[in-house]
Amino acid sequence: MNHTAELEKALTDLRHITGISMEIHAETEEEVTKALEQLKLLSSAYKEKYNKIHFLQSLMTDSIPTYNVYDRAARLHIAPEEPRILYLLETSHSLDEDISEILKNLFPSQSGAFRIPLTEASCAILCPVRSLADSSQETVHLTARMIVDTVNAEALARVRVSYSKTLHNLLDLSTAFRETSLALKVGKLFYSEQTVFPYNRLGIGRLIYQLPIPLCKMFIKEIFEGKSPDEFDEETLTTINKFFENSLNVSETSRQLYIHRNTLVYRLDKLQKSTGLDLRVFEDAITFKIALMVVKYMKYMETL
């Protein structure tokens with residue numbers, strides 16, 4: 001890109017950000033370079049001072065000093081102490097124009113909601129709570145479910161959504177963002193069949209996600225003598241997962257697997273001989289379930 005094209009782009013960007021149009025007459029390369037630097041500084045300063053989305057992004061990542069929040073919020077006409085819920089949405093690919101348009105219709109600016117882009121595949125929605133009923137766990141969950149179902153149906157895109165508790169102050173936004181980010185990570189890893197992840201329903205997945213890897217390896221070695229509990233054949237793993245899904249109910253599991261009850265009992269006996277764990281015994285079942293989750297967590301950490 002030559003300097004003239006760069007200058008035109010910088011002027012266009014400034015107009016989009018501020019609404020200000022201007023002309024710059026630069027004859028030498030040095031003058032163009034200096035003009036570019038000034039334009040970039042101007043755009044950056046405007047974003048920092050007057051752009052609501054940039055302000056909220058900075059709040060979410062703890063990039064603004066606490067003492068400066070109320071002053072900045074007042075300049076941007078954002079109520080600092082209005083009750084809000086933070087939703088975090090992530091797609092399997094990217095947030096294209098179709099999805100952005102759907103979210104814009106679901107959460108229009110005039111409603112007081114803010115749509116905050118984060119990455120190419122994720123964004124946050126900061127939604128005001130108008131009444132006590134709107135802040136109930138059931139209502140918030142239904143809203144998250146509505147986001148997933150609407151995007152699924154209209155954009156044919158798979159999305160996952162996590163949400164925070166009610167935050168009563170903008171100073172709580174960074175905490176809410178950490179909560180929803182963790183909920184999304186834990187949910188995708190351990191509860192992949194689900195698409196909505198509340199901040200306070202992560203179960204044992206939250207605990208496992210905090211474990212140090214050396215401790216995880218020690219646990220697996222102690223229980224399985226160095227073997228990995230996820231290395232069984234597909235039939236055995238399907239049987240185990242279905243048995244857990246049906247709360248260790250032999251009759252219901254055999255029915256859903258379309259096998260005779262005795263066949264299921266045989267498989268469970270075979271598993272007990274190879275691992276020393278009887279999944280029909282609650283304590284052994286819990287140990288095996290946790291081990292499967294720990295191994296999944298270890299493999300995930302290896303990819304980071």
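Residues are numbered from 1 along each chain as its sequence is written, and side-chain values use heavy atoms, with hydrogens and water left out. In this predicted model, local features need pLDDT of at least 70 and side-chain atom pairs count only at pLDDT 80 or more, while totals for chains, interfaces and linings use all residues.

Colleague: What is the volume of the largest pocket?

Modeller: On a 1 Å grid over the protein atoms alone, a pocket is an open set of points where a 1.4 Å probe fits, with protein on both sides within 12 Å along at least five of seven lines. Points are joined across faces, edges and corners, and a volume is the space filled by probe spheres set on them. For the largest pocket this gives about 630 Å³.

Colleague: Which residues are the closest to the centre of the largest pocket?

Modeller: Lining residues have an atom within 4 Å of a point. The largest pocket has 22 of them, and the closest to its centre are N241, F244, K289, L292 and M293.

Colleague: Which element gives the largest share of the lining of the largest pocket?

Modeller: Helices (H or I, at least four residues) are DSSP runs, numbered from the N terminus, as are strands (E, at least two). Two elements give two or more residues to this lining, α10 (234-245) and α13 (282-302). The largest share, 10 residues, comes from α13.

Colleague: Which residues lie nearest the centre of the second largest pocket?

Modeller: The second largest pocket holds about 210 Å³ of space. Among its 14 lining residues, those nearest the centre are Y87, C127, P128, D134 and T143.
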